[in-house]
Amino acid sequence: MAQQASRRDFLRSVGIAGGAGVMYSAMGALGLAPVPDVRAEEYRAPQRGDFALTGRSGKKVLILGGGIAGLATAYELGKAGYDCRILEAKDRPGGRNWTVRGGTTLTDLDGRTQTASFSKGQYMNAGPARLPQSHVTLEYCRELGVPLEVFTNQNANAYIYHENSAALAGEAIRWRTAKADVYGYVSELLAKATDRGALDKELTADDKERLIAFLRNFGAIKGKADGYAYAGTDRRGYSAEPGAAFEEGTVLGPVPSMADVIASGVGQRFSFELGYDQAMLMFQPVGGMDAIPYALAKAIGQDRITYGAKALEVNDLQDGAEVTYEDAQGRTRTQRADFVVAAVPPMIMARLRHNLGADITAALKYAVPTPVGKIGLEYRSRWWETDEHIYGGITPTDMDLATIWYPSYGYQGRRGTLIGYYNFGANAIAYSDLPHAERLERAVSRGVKIHGDKYRTELDKSFSVAWHRTPHIEAGWVGWPSQTGPEYALLNKPAGHVYFAGDWLSHVIAWQHGAFTSARKVVTDIHERVMAA
Ligand code: PHE
């Protein structure tokens, strides 16, 4: 009993001193929990108690940008009672975390305005749309009470569509069919090579036997007597489904030749789901990704966020920093704080007046903005479900639309909203150069090649975003020519009392995880500085 209590006390003390991560590994050391395999960098949120014991108090922190990094900075520092204020140029929190619903309006940098007319319950996540299981974003959802649901990132029933391939061009091929054929033929080749002794240097007789057993299972190929041939399998799917009594179904055929399957390039698509950040199973907040920034904004306190505030100038001072901005009424104002956290895109920060030095400007300009576009297409019916048995997932293509996404919400409902393109770089620019109606026409003219006329006839409403042409954002994300050079290092340090935060200052760029972890780093740096002063 006494031992029990002291052990619990010990765990509690470790928990308080070091956060859940330390507690968990301590439990592992005691044999109470499995030792954790992977987790985000150790992070301990600042706490009120940190000040209570030392007579220090929360400092004033002014944050530029109410995207995920800015919100997370205010949220985390707020836990210890820091007096945080966010200046956000837009009229909403979230930055690129933006869910478009009926009534949402966007005027882009070209002066073109769209107003979404999506039906009730229909939405598109214009920015982030999928959350990996490993990301701290999920931890924030838990902490903030944002409910999650599965996002299907890869679906065996979705298609692969290549129109420029050397074989099978212009055929919409189900993922499952493509996999059956590629795995089948690759298994056939490897089994033959193994059997003929081509791998005798690498493999013992036992190895060969086991490898062939694996290949027979992996590729559904025939045995030695039949030359290990791949001749198709029900893994390809059916042209007539099996059913009652004597209905065996008809396996989808004919099976294309080995040469055609290889030349089609479909096999090149399978590595997508092996990427660490991408997987078949992912998550999304119920009702739209923007549940995350709205929950953060609520937790921070709406009165701490000033919308319509466009930063003009940032100056580091002897004992703090100050920001000059234009408020929603067009008045110029200046605010002082102990620290400023610039959580805005680097190329925008580079254009502000500041006294942080030419090196900072050069480093900010060193980041390379990536053009990214997305279009949401609301349909009167969910024909992809009723006619094609596709419930969520993505069809990759070699067309300029890049990918078509089927919604991972609202299954079996009346209406549904697809993503009709999600593309980067030159493809994103090709679409963003056009006014919305022409973007739509271009996307639909591609989509009908895969899905037929209903892709046009069932279409009801649409909305497109070009992140690189969106005010106060200006990119889908940024890249760095190098993250080991002086520029990146410089921005990961404070310039006097001015700190920088954002997914662009992480190794998880283009994910909210990058923004959260960058914010946590800046929060830790500020808090340590304050506690050491
Ligand atoms: N996070 C974004 C996405 O999932 C951008 C991205 C794509 C990042 C692919 C890494 C890899 O679409």
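**Notes on the model**

1. Ala-220 sits in the loop between α6 and β10 (238-240); helices here are DSSP runs of H or I with at least four residues, strands are runs of E with at least two, and both are numbered from the N terminus. Phi of Ala-220 is near 55°, a positive value in a residue other than glycine. Most residues other than glycine have a negative phi, and most peptide bonds are trans.

2. This is a predicted model, in which local features need pLDDT of at least 70 and side-chain atom pairs count only at pLDDT 80 or more, while totals for chains, interfaces and linings use all residues. Residues are numbered from 1 along each chain as its sequence is written, and side-chain values use heavy atoms, with hydrogens and water left out.

3. A cis peptide bond runs from Gly-253 to Pro-254, with omega near -5°. Pro-254 belongs to the loop between β11 (250-251) and α7 (258-264).

4. Helix α5 (residues 175-195) packs with helix α6 (residues 205-219) at about 160°, their axes 9 Å apart. Axes are lines fitted to C-alpha atoms, for helices over the stretch in contact, and angles run from 0 to 180 degrees between N-to-C directions. The angle makes α5 roughly antiparallel to α6 (over 145 degrees; under 35 is roughly parallel, 65 to 115 roughly perpendicular, and the rest oblique). The α5 and α6 crossing is left-handed, meaning that the near helix is turned anticlockwise from the far one by less than a right angle.

5. Helix α3 (residues 68-78) and helix α8 (residues 291-300) pack at about 30°, with axes 9 Å apart. That makes α3 roughly parallel to α8. The crossing of α3 and α8 is also left-handed.

6. Around the ligand are Arg-130, Gln-278, Tyr-422, Trp-477, Ala-510 and Trp-511 (a heavy atom within 4 Å). Ligand oxygen atoms lie 3.1 Å from a side-chain N or O atom of Gln-278 and 2.6 Å from one of Tyr-422. A ligand nitrogen is 2.6 Å from a polar backbone atom of Ala-510. Taken alone, the ligand exposes 310 Å², of which the protein buries 72% (Shrake-Rupley method, 1.4 Å probe).

Methods. Polar contact = N/O pair within 3.5 Å; in protein donor to acceptor, adjacent residues only side chain to side chain.
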